[in-house]
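Morning, everyone. Please look at the screen while I talk. I'll take the strands, then a pair of helices.

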Amino acid sequence: MITPTGGQPVLYKDYTGELIDWDDFFKKREEHIELMKNGSSIKACEGCLWIREKDWPERKNEFKYILINIWTKCNLKCIYCDTHSNIDVINNTKEYDIIKVLEDMINKKVITPNTKIDIAGGEAALDKNFNGMIELLLNSGIKKINISTNATIYSDVVAKGINKGVISIITSVDSGSEKMFTYIKKVNLWKKTWQNLKKYTSALNPNGNENTVKTKFIIMPGVNDSKEEILNFILYSKKINASGVLLNIDQKWVCEHSDDCKTNLKIIELTKYFMTISTALNIDWTVWAHLEDFILRHNRNFADKAIDIDLIFNKEVNFTIPNERKEILFANFQKLFLPKV
Ligand SMILES: C[S@@+](CC[C@H](N)C(=O)[O-])C[C@H]1O[C@@H](n2cnc3c(N)ncnc32)[C@H](O)[C@@H]1O
């Protein structure tokens, strides 16, 4: 979460691929936890809206969750992405052998079959060790791996993991048209992206646990904040049999414009539209926690224009749309099935 003081607790800085002393690492984590137990927190977490009073169960020296970000390469230049606005991240991040590091973590039982792994970046699929790393994780018995990938590079190993019911993927398409895709990502790989996503959804195994292939739309105010883009994005996602659609908001915009009430209300309106259309087309939807956080902040800053949070995020609510609108929607949907992606 973004907090006024940063929002990222750090236990080990400037890592360059060396093997880690895990006892020392977990001792530092314990120090952070002790602070929280005493009603205090480390500086980075101060002011976070998500701090809750909860029990702290006894923890083993293992990870419940790991995010592996591979920052060394990307083939798109998404205009909202921090990595590309600060190209030094890609230029200055040195490659190291991630397989050796993960093998050590598996051998030391810091990673266990219960560890949930997220992989993102950069574009992780461009790393020369990517397929080897996925093989290693699949063979180690891990049950849940989620990969944020732009899906422009198809991987048989990922498809195998999807089929096994272990791997889920999320692809940020952020657009409902080739033109908008190319504007946002500065590379025209619109068709390739949907084609590969279709190949991944074909690998979905109905008996595989909760493995999914989901698509994401990041709302960038003033760029793709139109109902048309959102509608077509959902229709394409439906067409390739995506397991669900996700909605988020550009975090950079949020940081710079949190006091823009009019745009906030437009984004909230688009969020409702996204939920209504997804519900009408019977595709699972998720509103990302950042967007939820954004609406909570809007309510705090503009109490007189506050939004009913229970209504907006309650999947049980019947998002009704008039029958004639439904017909237009389904006609569009049928039309979209004719051309091949
Ligand atoms: C940096 S991307 C890279 C991973 C991978 N190449 C991909 O395309 O998904 C990781 C995730 O962060 C999200 N992301 C990047 N910049 C963002 C921003 N300014 N606001 C919200 N989400 C952002 C992307 O949508 C993506 O799902």
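Which residue in β3 does I119 stand opposite? Keep in mind that this is a predicted model. The residue is I147. Strand β3 covers residues 144-148, and its pairing with β2 is parallel, over 4 bridges.

Now turn to the other partner of β2. Strand β1, residues 65-70, runs parallel to β2, and 6 bridges join the two. Here I66 stands opposite I117 in β2.

So what do the side chains of β2 do along residues 116-121? They alternate. I117, I119 and G121 point to one face, and these residues are buried. Remember I117 and I119: I117 is opposite I66, and I119 is opposite I147.

Next, the helices. Two packed helices are described by the angle between their axes and the distance between the axes. Take α4, residues 98-107, and α5, residues 130-139. They pack at an angle of about 15 degrees, with their axes 9 Å apart. Angles under 35 degrees count as roughly parallel, so α4 is roughly parallel to α5. The crossing of these two helices is right-handed.

Which residues meet there? From α4 come I98, I99, L102 and E103. From α5 come G132, M133, L136 and L137. By class, this contact has 6 nonpolar residues, 1 polar and 1 charged.

That's my part. Thanks.

Definitions and conventions
Residues are numbered from 1 along each chain as its sequence is written. This is a predicted model: local features need pLDDT of at least 70, side-chain atom pairs count only at pLDDT 80 or more; totals for chains, interfaces and linings use all residues. Axes are lines fitted to C-alpha atoms, for helices over the stretch in contact, and angles run from 0 to 180 degrees between N-to-C directions. Angles under 35 degrees count as roughly parallel, over 145 as roughly antiparallel, 65 to 115 as roughly perpendicular and the rest as oblique. A crossing is left-handed if the near helix is turned anticlockwise from the far one by less than a right angle, and right-handed if clockwise. Two residues are in contact if their C-beta atoms, placed from the backbone, lie within 7 Å. Ala, Val, Leu, Ile, Met, Phe, Trp, Tyr, Cys and Pro count as nonpolar, Asp, Glu, Lys and Arg as charged, and the others, Gly among them, as polar. A residue is buried if 20 or more other C-beta atoms lie within 10 Å of its own, exposed if 12 or fewer, and partly exposed in between; C-beta atoms are placed from the backbone. Two strands pair if DSSP finds at least two bridges between them.
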